[in-house]
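Here is a short briefing on one protein chain, grouped by topic. Have the fold open while you read.

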Amino acid sequence: MKEIKAIIYAMLVTFMLLLTGCSDEQASHSSTSSADTKQAVQVEDSSDQEDDHSPSKANREDVVGEAATVERVVDGDTLKVKMLNGKTDRVRLLLVDTPETKHPKLGVQPFGPEASAYTKKRLEGQEITLEFDVQERDQYGRLLAYVWIDNELYNEELLAKGLARVAVFPPNTKYVDEFKKIQEQARKSEKGIWSIENYAQEKGYNTDAVKNQSSSKQKDRYSVRQKL
């Protein structure tokens, strides 16, 4: 009888040990799975962050172009530069369009002087790198380029500050998708040209929108006075 009890006791102890081992293994497996899941999430997040980088930012160190010095700023998107060979040339910034300041018909447009002054402050007298796209010159003989200064793409800077709109003229479209994203951010923030409703449009600038906004403000002021 005692032998039977001893056998039963031994079997119970063995069974309990087996249960404890399985429980520990499950806990270890659960912990490992949790760690793997966290690591996978971190990797995914890192991938998403990399996707946020613009093509221009990702390739700054790999930019191939020609060095030049800015002699004079004509307006917000046009420069006169001196190349390394000593020759001077006019450069038109690619994929961006700032309001006019010296146009024979359009005259001075809102935010044109601001864009011109900003470009003068940032670029005049500075060494830059000109990055070209498919078509090197326009119908006026000007060089068409993306302008790099201090490893920053200046075309993007104008868009981010609301001093220019995206202007697409194929086949030069290398950074068009990223430029449109930057423009949309400026538009949502109502920066610069985007502070005037319907002013910046796909094909240019609508100066009538400025007049309409001014007229609307005057009406609002008159209405307030009447109420007083």
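Two strands count as paired if DSSP finds at least two bridges between them. Helices (H or I, at least four residues) and strands (E, at least two) are DSSP runs, numbered from the N terminus. This is a predicted model, in which local features need pLDDT of at least 70, side-chain atom pairs count only at pLDDT 80 or more, and totals for chains, interfaces and linings use all residues. Residues are numbered from 1 along each chain as its sequence is written, and side-chain values use heavy atoms, with hydrogens and water left out.

**Overall make-up**

- The protein chain holds six helices and ten strands.
- Of its 228 residues, 33% are buried. Buried means under 20% relative accessible area, exposed means over 50%, and partly exposed lies in between (1.4 Å probe, protein chains only).
- Contact means heavy atoms within 4.5 Å. Among contacts in the protein chain with a separation of 6 or more, 59% join residues 24 or more positions apart.

**Strand pairing**

- β1 and β2 are antiparallel and share six bridges. They make a hairpin with two residues between them. T69 has K82 in β2 as its bridge partner.
- β2 (residues 78-83) and β3 (residues 88-93) also run antiparallel, joined by five bridges. V81 has D89 in β3 as its bridge partner, and K80 stands opposite R90 in β3.
- Four residues separate the strands in the hairpin of β2 and β3. There, G86 takes a positive phi near 95 degrees.
- β3 pairs with β6 (residues 143-149) in the parallel sense, over three bridges. R92 stands opposite L144 in β6.
- In a regular strand the side chains alternate between the two faces of the sheet.

**R90 in β3**

- R90 lies in strand β3. R90 counts as partly exposed because its relative accessibility is 37%.
- Leaving out residues up to four places away in sequence, R90 touches R72, V74, T78, L79, K80, R142 and L143.
- R90 and E71 are 19 residues apart along the chain, and 9.9 Å separates their C-alpha atoms.

**Nonpolar cores**

- A nonpolar core is a set of buried Ala, Val, Leu, Ile, Met, Phe, Trp, Tyr and Cys residues joined through side-chain atoms within 4.5 Å.
- The largest nonpolar core has 35 residues. L79, V81, I128, L130 and F179 have the most contacts inside it.
- At least two residues of this core come from each of β1 (66-75), β2, β3, α3 (112-123), β5 (127-131), β6, α4 (154-160) and α5 (176-188). β6 gives the most to this core, with seven residues.
- Neighbours within four places in sequence aside, V81 is in contact with A68, T69, V70, E71, K87, T88, D89, V91, I128 and L130.
- A second, separate core has eight residues, including W194, Y199, A200 and Y205.
- In soluble globular proteins, nonpolar side chains tend to be buried together.

**Largest pocket**

- On a 1 Å grid over the protein atoms alone, a pocket is an open set of points where a 1.4 Å probe fits, with protein on both sides within 12 Å along at least five of seven lines. Lining residues have an atom within 4 Å of a point.
- The largest pocket holds about 710 Å³ of space. Grid points are joined across faces, edges and corners, and a volume is the space filled by probe spheres set on the points.
- The lining of the largest pocket has 28 residues. R92, D138, Y140, R142 and F169 are the closest to its centre.
- β1, β3 and β4 (96-97) each supply at least two lining residues. β3 gives the most to this lining, with three residues.
- By class, the lining has eleven nonpolar, seven polar and ten charged residues. Ala, Val, Leu, Ile, Met, Phe, Trp, Tyr, Cys and Pro count as nonpolar, Asp, Glu, Lys and Arg as charged, and the others, Gly among them, as polar.

**Backbone points to check**

- The peptide bond from P170 to P171 is cis, with omega near 10 degrees. P171 lies in the loop between β8 (165-166) and α5.
- F111 is not a glycine, yet has a positive phi of about 75 degrees. F111 sits in the loop between β4 and α3.
- E190 is not a glycine either, and has a positive phi of about 55 degrees. E190 is placed in the loop between α5 and β9 (200-201). E190 counts as exposed because its relative accessibility is 55%.
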